[in-house]
Amino acid sequence: MAKFNGIKIVSKVEVNDKNALSIVYTPGVAAACLKIKENLQASWDYTNRENSLAVISFDYNKSLERAIFLKSSLGIDAYPFEISSDKPEKIKMIVENIEPSFGAADLSLISDYVKNINFEVTIPVLKENTADLKEFFLCISKNILMFKYEDLTGDINEKSLQLRKLAGGVIETELTQEKQPKPVAIISDGSAVLGLGDIKGYAGLPVMEGKAVLFQELGEVSALPLCLKTQNTDEIIEIVLLLQNSFSGVNLEDIKAPRCFEVENKLIEKSQIPIFHDDQHGTAIVVLAALLNSLYIVKKNIEDVKITFSGAGAAAIAVCKLLISAGAKNITMFDIDGAVYKDREQNNFAHDEISNYTNLNGFKGSLKEGIKNSDVFIGLSAPNLLDEEMIKSMAKNPVIFALANPTPEILPELAKKYGAFIAASGRSDFPNQINNSLVFPGLFNGVLKHNIKKITDDIKLNCAFALASLVKENELTPEYILPDALDSRVPAVISNNVKI
């Protein structure tokens, strides 16, 4: 019998075309999120939570051995964790806050430290070994070996729900004879999920599972979804630091601004592993790549164009900063309160910082007024904000990136109808998808391969230029500004450009 020495996180289904991508990830994944938001019990139906178990100890290798045993003997998708504190209050905080991701927790390896802790959770927590583990954990594994996407019916949302219910989510663990790197943790508090807003950790889990699929399918990186119950900044930071020896890196995901800035900055400062907020920096890399190619098509320079942002949250601010690093000089950002300008009453600290480099004329009007004569619109905000009049008021050959998900600021075909020369969205069911899936799988592959501890602006710029260059000059058209999300060249090129 083969001896297993490792665990990796894999997809239950193949993602080999845009149809599959739209069902497993965006826009289809939003349907499962909304079902869980309406009823938390639905998380058992639409994710792998029913067969996911956290094994926690003070030694990662011991947790790994236990996880391998549980998978090989009971078929449970068990995930090993090392916690760096034996204080009961810290262990209690960890277990209670990772509950949205797991159907049970195994603490039998540290039974002496947890036997008197009263965990306020609704899942089974094993404090000492028992003769009947299967009955204690009540975990259920679903098998879909003969699955075909063609068997699903209805629209994208209905197909996405059918797939997740049939499969029990879209990820599982797989035992390997070779040792495996520790997984990348996909950490979210569910406070800014897609275009759905603050839907909390339970409802955010389908997105993080979909993200884990893309990590593995596109970048051959094992990634662990870890949705947290807490939305407290200090607790999120502490949880990651207490568990950091369980991970090879951290991908922060769907955490609301300005909380995400503090979480990222503190973790970069205090942790020993690479930290990457994909909503910010993955988005920034892919938007810059798309913009460089779009401006080449319309024969404009980034230094000269007027760029208008709808949205001034984490993603928008990170995109804005990277565009400035690449040479952009004329940018104005708008949010629900209108133009962002220096010392505006509604500003948070991130707005105040970015206003030192944007809206240098101090414009204080609305998006409808501010978009006039703009060469580029970048939307990272909310659905259906852009109309015909606004597009017609823009400069000649306008470029429209409407990136709100799952419903963009304007649908690409409408943007083109109203005069956009180039129209893009974040969705895989339209041409010109501008989505982080082009970046994070290859980026983390490169981070692990090159043993990178900090992801710098130079690395982000290198990745953006490399991504843009994959579409050759003679291939560029208004309908083809970026490689396809499933282009097999992309992860390798991104990975090779992740260098110090």
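**Aromatic rings in close-up**

**View 1. An aromatic cluster in a predicted model.** Tyr 79, Phe 81, Phe 102 and Phe 247 form one aromatic cluster. Rings of Phe, Tyr and Trp (its six-membered ring) pair if their centres lie within 6.5 Å, and a pair is called stacked when the planes are under 30 degrees apart, edge-to-face when they are over 60, and tilted for the rest. By this rule the count comes to 10 aromatic pairs. The model is predicted, so local features need pLDDT of at least 70 and side-chain atom pairs count only at pLDDT 80 or more, while totals for chains, interfaces and linings use all residues. Residues are numbered from 1 along each chain as its sequence is written, and side-chain values use heavy atoms, with hydrogens and water left out.

**View 2. The pair of Phe 276 and Phe 444.** These two rings are edge-to-face, with 6.0 Å from centre to centre and 85° between the planes. Phe 276 belongs to strand E10 (residues 275-277) and Phe 444 to helix H18 (residues 440-449), so the pair links distant parts of the chain, 168 residues apart; helices (H or I, at least four residues) and strands (E, at least two) are DSSP runs, numbered from the N terminus. Both Phe 276 and Phe 444 are buried, a word that stands for under 20% relative accessible area, with exposed meaning over 50% and partly exposed in between (1.4 Å probe, protein chains only).

**View 3. Charged ends over rings.** The charged end of Arg 49 sits over the ring of Trp 44, 4.0 Å from its centre, and the charged end of Lys 182 sits over the ring of Tyr 60, 4.8 Å from its centre. This description requires NZ of Lys or CZ of Arg to be within 6 Å of the ring centre and within 35 degrees of the ring normal.
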